[in-house]
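Hi,

Here is the structure I promised to pass on. Have a look first, and my notes follow below.

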Amino acid sequence: GLKIPPGCELVVGGEPQCWAEGHCLLVDDSFLHTVAHNGSPEDGPRVVFIVDLWHPNVAGAERQALDFVFAPDP
């Protein structure tokens with residue numbers, strides 16, 4: 001999290017996650033997950049830096065198929 005105001009929460013697979021400003025958090029978003037900003041507007045927005053990684057259980061052929069399906073239009 002780059003900026004995590006009070007009142008922000010992240011729940012993954014029914015388990016609340018500890019979000020700390022300036023720290024990394026690895027989350028498997030293949031599980032049901034929710035994010036909420038329940039703080040006041042004066043606290044400002046939640047700002048995160050997201051890096052997507054392949055799940056280790058996704059085979060090479062599946063990765064190629066997904067890359068093809070979700071490739072941007074030329």
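Before the surface numbers: accessible areas here come from the Shrake-Rupley method with a 1.4 Å probe. By that count the protein exposes about 6200 Å², with carbon and sulfur atoms supplying 60% of it. Keep in mind that this is a predicted model.

Overall picture: the protein has 1 helix and 3 strands, in the order β-β-β-α from the N terminus. The radius of gyration is 16 Å, whereas a compact globule of 74 residues would be near 11 Å. The C-alpha trace spans about 45 × 30 × 20 Å along its principal axes, and 9% of the 74 residues count as buried. Of the contacts with a separation of 6 or more, 50% are between residues 24 or more positions apart.

Now the strands. β1 (residues 8-12) pairs antiparallel with β2 (residues 15-17) over 3 bridges, and the two make a hairpin with 2 residues between them. In that turn, G13 has a positive phi of about 60 degrees. β1 also runs antiparallel to β3 (residues 33-37), joined by 5 bridges. V12 is a handy landmark: its bridge partner in β2 is E15, and in β3 it stands opposite H33.

In a regular strand the side chains alternate between the two faces of the sheet. In β1, C8, L10 and V12 make up the covered face, while E9 and V11 are on the uncovered one.

Lastly, the unreviewed UniProt entry annotates residues 1-56 as "domain: Aspartyl/asparaginy/proline hydroxylase". That span is 0% helix and 23% strand, and its end C-alpha atoms lie 24 Å apart.

Cheers

Definitions and conventions: Residues numbered from 1 in each chain as written. Predicted model: local features only at pLDDT ≥ 70, side-chain atom pairs only at ≥ 80, totals over all residues. Heavy atoms only, no water. Buried < 20%, exposed > 50% of the residue type's maximum accessible area, 1.4 Å probe, protein only. Helix = DSSP H or I, 4+ residues; strand = E, 2+ residues; numbered from the N terminus. Pairing = 2+ DSSP bridges. UniProt positions renumbered as here; feature names shortened; annotations may be inferred. Rg over C-alpha atoms; globule rule 2.2 N^0.38 Å. Contact = heavy atoms within 4.5 Å.
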